[in-house]
Amino acid sequence: MSTQHENTLRINNYGDLASLHPHTGIDMMCRNFQKSLFEGLTRVGPDGKPQLAAASELSISPSQLDYTFTLRPMVWSNGEEVTATHFEKAWKAALAPDSTCLRPEVFYVIKNAQAAKKGEVSLDQVGVEAIDARTLKVTLTHPTPYFLDLVANSFFCPLYDAAPVPEVFNGPFLVDSWEHDRKLVLTKNPTYWDASVVALEKIEVSLVNDSTTATLMYEKGELDWVGHPFTPLPLDIIEQAERSPDFTQKPITGVYMISLNTEVFPLNSVKIRKALSIALNREQIAQHVAQGQLASKCVVPIMMDLVASDALYEESEREAKKLFEEGLAELNITRDEFPVLQYSYSTVPGQKKLVEAIQQRWEQTFGIQVELTVSEWNTFFANLCQRNYQIGGCNWYSVYNDPMYMLEMFTDKTHRYNSAQWESQHYQELIALAVNERDPELRWEHLKQAELLLLDEMPMIPLYMLQAKYLKSPRVEGLLITDLGQADFKWCIFVLCRHMRSLLFVDILTSNAA
């Protein structure tokens with residue numbers, strides 16, 4: 001690495017970002033950079049636990065409903081003071097009935113937040129109040145054991161104003177320039193309260209929408225990092241990558257799931273959905289198609305240890321066929337009348353090979369036809385959230401470290417991420433019991449029963465749990481990949497060492513590109 005790059009981290013993001021605004025840029029790629037631009041009340045530290053960030057002190061009431069944060073002295077990048085009012089206004093703006101915020105439900109643990117979003121009460125009645133410039137009081141609807149983890153997310157960061165494209169920041173870095181579809185450049189924020197621990201002067205982010213090209217850039221020394229969570233490694237070099245001293249992998253709380261639109265015939269049949277699930281050979285797919293992921297039958301990431309994945313149900317072609325025939329009988333159709341299934345997927349690397357393996361398995365097992373439709377990631381995900389699909393598979397990441405995140409989206413079919421449009425009164429009752437239970441063991445049991453019910457109805461088919469896989473230069477240290485799979489550049493540094501890349505992948509990547 002040349003001297004000019006001593007304090008510049010060079011990475012590639014898989015295509016352009018939807019938005020850097022915390023309320024509208026809601027996917028993993030956007031959140032990676034928002035955490036560098038904004039400082040919330042807490043930040044997940046290198047130990048994996050939330051630590052105070054914009055807040056310097058915290059008191060929690062005995063009822064566990066009232067959180068009082070004292071803000072540390074802090075300024076925006078324009079020199080103005082960051083106040084509790086900035087937090088209050090940002091959070092309430094997300095909850096306004098006409099807000100463009102795409103994830104208002106993450107705020108619903110706050111008193112009257114959901115009612116305000118529905119227009120049933122005024123925003124003044126939401127349990128967020130700036131007592132004075134340095135004191136923010138938050139009142140919750142119910143005890144929320146993961147609240148400090150939750151507010152570490154960029155959704156809960158303060159905003160300087162209501163601009164749709166933020167230009168004033170309070171985090172470790174600032175936006176220097178953004179050439180859409182080409183390059184994003186972040187520079188160190190000299191006004192950041194903890195600037196003394198930020199070693200990087202600049203982060204240069206190329207926006208190449210091709211993982212093979214990005215990996216070749218890494219091999220040629222043009223990037224310092226390639227792989228999760230910015231650009232997926234090409235599946236066909238994973239085996240070689242694992243032999244490189246630059247390679248790292250770690251389990252994260254993400255799950256690949258196949259969403260089934262339960263309001264579209266014939267996926268309204270539980271037996272058809274379950275047949276599709278148990279026909280899959282998860283171990284074979286996870287290890288050989290998805291290149292070393294962790295097979296799982298759970299919706300909740302298995303590292304949270306809610307239910308034992310292996311004990312849930314048997315994968316059986318024979319049982320799958322039996323359930324499929326029973327489903328046909330319930331739908332009052334023959335196999336010849338069974339419609340073509342439409343499977344949507346994105347251009348994210350590895351997805352084509354994966355969905356082709358699923359397609360082949362279903363077609364061979366059931367004698368049906370499965371058509372594949374591909375689209376660019378942002379289009380695919382928008383269609384999924386808008387229910388404009390029949391079957392769609394992608395990675396789902398937890399936003400906070402608790403089973404509730406993956407489970408609560410299924411309580412209401414109108415939830416943005418309940419793309420399956422599945423709903424159950426019994427399920428709602430179990431989630432409500434968990435929400436109001438203060439005994440941790442009883443709360444866990446309610447959540448466990450909820451997941452078991454979800455897996456019995458199978459509106460989404462979990463396939464495998466994700467491992468973050470990436471190549472990084474040995475000179476890069478301290479770039480934190482949290483258990484949630486998110487990146488944090490705050491503690492990233494360059495260390496002095498000589499490093500010659502082994503060029504393990506040049507031949508295979510060059511042939512693929514040709």
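**Contacts and overall build**

I began with contacts between residues at least 6 apart in sequence: 71% of them join residues at least 24 apart. I note here that this is a predicted model. Its average pLDDT is 93, and 95% of the residues score at least 70.

Next I checked the dimensions. The C-alpha atoms fill a box of roughly 70 × 60 × 40 Å along the principal axes. I get a radius of gyration of 23 Å, which agrees with a compact globule, because 514 residues packed that way would come out near 24 Å. Of the 514 residues, 58% count as buried. The accessible surface comes to about 20700 Å², and carbon and sulfur atoms hold 48% of that. For secondary structure I have 15 helices and 21 strands in the protein.

**Strand 12**

I went to strand 12, residues 247-260, and asked how many of its 14 residues are buried. The count is 10, so I put the strand down as mostly covered, buried meaning under 20% relative accessible area. Which strands does strand 12 pair with? Strand 17 (residues 460-472) is joined to strand 12 by 10 bridges, and the two run antiparallel. On that side I found Tyr256 standing opposite Tyr464 of strand 17. Strand 16 (residues 391-397) is also antiparallel to strand 12, with 7 bridges. There, Ser259 has Gly392 of strand 16 as its bridge partner.

**The sheet 4-5-7-6**

I turned to an open sheet of 4 strands, with the order 4-5-7-6 and antiparallel pairing. Strand 4 (55-60) and strand 6 (128-132) are the edges, each pairing on one side only. Direction ignored, neighbouring strands here are turned by 20° against each other on average.

**Glu88**

I picked Glu88, which has its place in helix 2. Is Glu88 buried or exposed? At 17% relative accessible area Glu88 is buried, because the cut-off is under 20%. Leaving aside neighbours within four places in sequence, I see Glu88 in contact with Val128, Glu129, Ala130 and Leu136. Glu88 and Val128 are 40 residues apart in sequence, yet their C-alpha atoms are 5.9 Å apart in space.

**Pro172**

My last stop was Pro172, in the loop between helix 4 (147-150) and strand 8 (173-179). I asked how Pro172 stands for accessible area, and the relative value is 0%, so this loop residue counts as buried. Beyond the neighbours within four places in sequence, Pro172 contacts Lys35, Ser36 and Arg43, as well as Thr187, Lys188, Asn189, Tyr192, Val198 and Lys490. I also looked up Leu186, 14 residues from Pro172 along the chain: the C-alpha atoms of the two are separated by 9.7 Å.

Methods. Residues numbered from 1 in each chain as written. Predicted model: local features only at pLDDT ≥ 70, side-chain atom pairs only at ≥ 80, totals over all residues. Heavy atoms only, no water. Buried < 20%, exposed > 50% of the residue type's maximum accessible area, 1.4 Å probe, protein only. Pairing = 2+ DSSP bridges. Axes fitted to C-alpha atoms, helices over the stretch in contact; angles between N-to-C directions. Contact = heavy atoms within 4.5 Å. Rg over C-alpha atoms; globule rule 2.2 N^0.38 Å. Areas by Shrake-Rupley, 256 points an atom, 1.4 Å probe, with all protein chains shown as cover. pLDDT = per-residue confidence, 0-100.
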